[in-house]
Amino acid sequence: MRTSNFLLATLKETPADAEVVSHRLMLRAGMVRQLASGIYSWLPCGLRVLKKVEAIVRQEMDKAGALELLLPGVQPAELWQESGRWKDYGPELLRLKDRHQRDFCLGPTHEEVITSIVKNEIRSYRQLPLNLYQIQTKFRDEVRPRFGIMRGREFIMKDAYSFDVSEQDSRHAYDKMYRAYERIFDRLGLDYSAVEADTGSIGGSFSHEFHVLADSGEDKIAFCKALNFAANVETIALPAPQHGRAAPAQSMEMVETPGVKTIEQLCKMLAVPASKTVKTLVVKGTQGLTAMVVRGDHELNAVKAEALDSVSSPIRFATSKEIKEIIGTETGSIGPVGMNIPIVIDHTVALMSDFVCGANQADRHFTGVNWDRDLPLAKVADLRQAEDGDLCPGGEKGETLTVRRGIEVGHVFQLGRKYSRAMNAFCTNDEGEKTLLFMGCYGIGVSRIVAAAIEQNHDERGIIWPESLAPYKVCIVAIGYHRSEKVRQASEALYQQLDDSGIEVLLDNRNERPGVLFSDMELIGIPHRITVGEKSLEKNEFEYYGRKTGETQTIAAPDLLAVLKSKFEI
């Protein structure tokens, strides 16, 4: 491809609303353009990368024995009502009506549709095992779309679904998909980790997430190399601290805290560490509101809180209006002393003494608060997320966790019979008995992988693609293409030679200054650059530059193809 025939929509300036590296670089490199909040158009450069991801995913799915199909993006409400998720899925499910006032939704996932197909097509265990997959657009109505493609409302996903007659066979299908995912992310050239995870709104008995490790990741992943342990911090059960609670050394006192709404502001005003404060979060419960209390420097684990019988599922936080009406105060001043709703506290909070908390009065807090003296000890549970330095579960020698951030790009679920039971998906087993099917579900965020790869592979000049994902493997920068017949002929001949050799090549034949040509190719991230100029042609040579290594060298024209191929990673 020549740039004269290509939509090379690069930008010099970084868009002001782009928050993360991948969003900034995808816009600047002309890969995507925003159409609406969380909805993007893929331009030719971005689409080439996206298709590279799709191709690798498709090849490994086919290799693993999965069969590709394509399911509708618009789904009837009846299927979701049958599974019980029409109400439970929440506001991310975009609902709509057709002209006959019948309810539909834009599919965020396809468990219901695929189960409906299989229950009507599969009759006997002889038709199993079966694994069906698709690569298709999904829509989830995110409350706050952000980070560009990373958390958009519309995205491209590969979702696969396995069906088996027994739990043992289903586990075999799960393991097969797990290994296929490892091959996919290896081939994509990404630094990733598979971790134990929560099943979330999809449901099921257990699952694993695949994370691309990057500082911009929204998820926290905990590792313990000594015990070969890795898990999403949401899933890690933390034991109660073994030390006792110190005796009170202070008396409880109410203090004025004007304008204080956060733990950080509170610590600064009172000159106390966050570990000596507690924060109280109010959630909707099965019998009204419930207060969740964690230490000021810890985070509430929503998954753990949601698992409590007193908390509604999915977890929903109380509104400011509800807090004002029932508790009588505003967010920022809530605390457990004198609380008129049920309270659940984290293990670590139960062992705190002389702590600081909200006084349930605007702009006031209590200091020197102690359990059993100033307020009764509340119900105790494991409520917080694991943190860096926490003891590793199952460790006997004080092994600790290291927490890093990750971007979830894949998730595999062992669903069991959740959907087959709800939607009556049966088959007959080898004894002629009618039995519910066992299911697995396997998703990969195809479009998110593009953004995640950039988060992991970039520098101040632009993208540094793994070769498996680059829009083109080689670019030819022709210096003076429009004024030098010698340069034009040489660059065109080289372009044809590389193209005939099956190498994806982009010839930059724009009438621009060399600096513009070089910076655009670095921004786009093409791994190998060949510069054609009059001076080098006089010596029958070309100049080579490697985007990843920064390597530069002069290569004799007859040797170029062989030397270039020796530098390819794949």
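A: W86 is in contact (heavy atoms within 4.5 Å) with A77, W80, Q81, L93, R95, D103, F104 and C105, when neighbours within four places in sequence are left aside. The model is a predicted one, in which local features require pLDDT of at least 70 and side-chain atom pairs count only at pLDDT 80 or more, while totals for chains, interfaces and linings use all residues. Residues are numbered from 1 along each chain as its sequence is written, and side-chain values use heavy atoms, with hydrogens and water left out.

W86 itself belongs to helix α4, residues 85-88. Helices here are DSSP runs of H or I with at least four residues, strands are runs of E with at least two, and both are numbered from the N terminus. With a relative accessible area of 12%, W86 is buried. Buried means under 20% relative accessible area, exposed means over 50%, and partly exposed lies in between, with a 1.4 Å probe and protein chains only. One of the contacts of W86 is C105; the two residues are 19 apart in sequence, and their C-alpha atoms are 9.2 Å apart in space.

The wider chain gives the setting for this residue. The protein chain has 16 helices and 30 strands, and 54% of its 570 residues count as buried. Its C-alpha atoms fill a box of roughly 90 × 70 × 60 Å along the principal axes. Among contacts with a separation of 6 or more, 68% join residues 24 or more positions apart.

Another buried residue is G462, at 0% relative accessibility. G462 is found in strand β25, residues 462-463. Apart from neighbours within four places in sequence, G462 is in contact with L25, E522, L523 and R547. R417, by contrast, is 45 residues from G462 along the chain, and the C-alpha atoms of the pair are separated by 47 Å. Two of the contacts of G462, E522 and L523, are among the buried residues of helix α14, residues 514-524. The residue that follows α14 is G525, whose phi is positive, near 90 degrees.

Positive phi values also occur at residues other than glycine. Phi of A271 is near 55 degrees, and A271 lies in the loop between α7 and β14. Phi of D354 is near 50 degrees, and D354 lies in the loop between α10 and β17. A271 is exposed, with a relative accessible area of 68%, whereas D354 is buried, with a relative accessible area of 9%.

Burial can also be followed along whole helices. In α12, 10 of the 11 residues are buried, so this helix is largely enclosed by the rest of the structure. The axes of α2 (residues 44-63) and α12 (residues 446-456) come within 9 Å and cross at roughly 115 degrees. These axes are lines fitted to C-alpha atoms over the stretch in contact, and angles run from 0 to 180 degrees between N-to-C directions. At this crossing, V49, L50, V53 and E54 of α2 meet V446, S447, I449 and V450 of α12. The residues of the contact divide into 6 nonpolar, 1 polar and 1 charged. In this count, Ala, Val, Leu, Ile, Met, Phe, Trp, Tyr, Cys and Pro are nonpolar, Asp, Glu, Lys and Arg are charged, and the others, Gly among them, are polar.

V53 and I449 are also among the residues that L188 touches, not counting those up to four places away in sequence. L188 is one of the residues that touch the most other members of the largest nonpolar core, which has 68 residues. A nonpolar core is a set of buried Ala, Val, Leu, Ile, Met, Phe, Trp, Tyr and Cys residues joined through side-chain atoms within 4.5 Å. In soluble globular proteins, nonpolar side chains tend to be buried together.

Helix α16 (residues 560-567) has the buried residues L560, L561 and L564. They cover an arc of only 90 degrees around the axis, which puts them on the same side of α16; the arc is that of the directions from the helix axis to the C-beta atoms. The face turned away from this buried side carries the exposed residues A562 and S566.
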